[in-house]
Amino acid sequence: MIQVIHFFSSVAHNFFYQSRIYFLWFVIYGFIGWFYETTICSQVKYHKFINRGYLKGPICPIYGAGAVLNYLLLGRIGSTPGIFVAAMFVSGVVEYLTSYVMERAFHQRWWDYTRYRFNLHGRICLYGCVIFGAANVVILKVFHPVIMAMTAQIPDRKLTQVAIFLYLLFLIDVIYTTVHMETVNERIRNWSVRLEQKRVCLLEKKAEYHLIRFRKEDCRELVARIKERMGR
């Protein structure tokens, strides 16, 4: 009986420890994803700082969940090509399901890949899956071992305190965002308008390019006809 109690106690402690570690990784990668989306992507696309996250705080849950899920599913794959291909698939599934659920819940799209080739319903595209596949190779081979070593050095009591503190902040952010859903919907609508404007702008540029090309071809045809008549 004592051995059974000791066994279940050990399992419960291990589960509690792992859940704290996984949540800490979730927060770290969620912050990295938020930083990437809010600074690099916003500067490249809109040339200004934009909070592209769903929550008010500096975290993108899809990046945190995707990173932890990829570690759990792909962490034991030793082959770099194997990690790349598997990460492309897992990241694509996570991104597609997230886009579908968010659109069902808020009746808006957070991202749209329709202007990219080889896209699936505008929710995912080959280019994005390749980027995520390569990123996960770098994360699992280079960055995650460092993060694992750093988080493993945190004392058990301190780890519990940090995990609870971050969890409370995350929970408050989720509740606040849910209560102020109109603000979130307005932000989503603004992003949708920007995406549509950018798509229309690209279509106009493409149409203008084809029009100029056709005009040049018409001019060449006209010149050829004139030369032909002069030669006669």
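Which residues does Phe26 touch, not counting residues up to four places away in sequence? Here are some notes, starting with that one.

1. **Ground rules.** This is a predicted model, in which local features need pLDDT of at least 70, side-chain atom pairs count only at pLDDT 80 or more, and totals for chains, interfaces and linings use all residues. Numbering runs from 1 along each chain as its sequence is written, and side-chain values use heavy atoms, with hydrogens and water left out.

2. **Phe26.** Back to the opening question: the list is Ile59, Pro61, Gly64, Ala65, Val68 and Phe170, leaving aside residues up to four places away in sequence. Contact here means heavy atoms within 4.5 Å.

3. **The largest nonpolar core.** Phe26 also turns up here: with Trp25, Tyr54, Trp110 and Phe170, Phe26 touches the most other members of a 21-residue core, the largest nonpolar one. Such a core is a set of buried Ala, Val, Leu, Ile, Met, Phe, Trp, Tyr and Cys residues joined through side-chain atoms within 4.5 Å. Buried means under 20% relative accessible area, exposed means over 50%, and partly exposed is in between (1.4 Å probe, protein chains only).

4. At least two residues each come from α1 (2–46), α2 (61–74), α3 (80–106) and α5 (156–179). The biggest giver is α1, with 7 residues. Helices (H or I, at least four residues) and strands (E, at least two) are DSSP runs, numbered from the N terminus. Apart from this core lies another one, of 7 residues, and Ile83, Val90, Val137 and Leu140 are among them.

5. **Asn136, a polar residue to look at.** You'll find Asn136 in helix α4 (residues 126–152), and with 6% relative accessibility Asn136 counts as buried. A polar atom of the Asn136 side chain lies 2.7 Å from the backbone oxygen of Phe132. Asn136 also touches Asn70, Ile83, Ala87 and Ser91, again not counting residues up to four places away in sequence.

6. **Salt bridge one.** The count of salt bridges comes to 2, where a salt bridge is a side-chain nitrogen of Lys or Arg within 4 Å of a carboxyl oxygen of Asp or Glu. One of them joins the side chains of Asp156 and Arg20 (2.8 Å, N to O). Asp156 sits in helix α5 and Arg20 in helix α1, so the pair ties together parts that are 136 residues apart in sequence. Asp156 is partly exposed, at 39% relative accessible area, while Arg20 is buried, at 4%.

7. **Salt bridge two.** Glu103 and Arg123 meet through their side chains in a salt bridge (2.7 Å, N to O). This pair links distant parts of the chain, 20 residues apart: Glu103 is in helix α3, and Arg123 is in the loop between β1 (119–120) and β2 (124–125). Glu103 counts as partly exposed at 24% relative accessibility, whereas Arg123 is buried, with a relative accessible area of 8%.

8. **Cysteines.** How many disulfides does a search of the whole structure find? The search finds 0, taking a disulfide as a pair of cysteine sulfur atoms within 2.5 Å. For Cys129, the nearest cysteine sulfur is that of Cys125, 6.6 Å away. Cys129 is buried at 9% relative accessibility, and Cys60 is buried at 6%.

9. **Helix α3.** With 27 residues, α3 reaches 38 Å from its first C-alpha to its last, close to the 39 Å expected at 1.5 Å a residue. The expected span of a helix is 1.5 Å times one less than its number of residues. Buried residues of α3 include Ile83, Ala87, Val90, Ser91 and Glu95. Ile83, Ala87 and Ser91 also touch Asn136. Just after α3, His107 takes a positive phi of about 60°.

10. **Helix α5.** The 24 residues of α5 should span 34 Å at 1.5 Å a residue, and the end C-alpha atoms are 34 Å apart, which agrees. Its buried residues are Leu159, Thr160, Ala163, Phe170, Asp173 and Thr177.

11. **Two loop residues to check.** Phe118, in the loop between α3 and β1, has a positive phi near 55° despite being a residue other than glycine. Phe118 is exposed, at 58% relative accessibility. His121, in the loop between β1 and β2, has a positive phi near 60° and is likewise a residue other than glycine.

Notes
A polar contact is a pair of N or O atoms within 3.5 Å; within protein, one must be able to donate a hydrogen and the other to accept it, and residues adjacent in sequence count only if both atoms are side-chain atoms.
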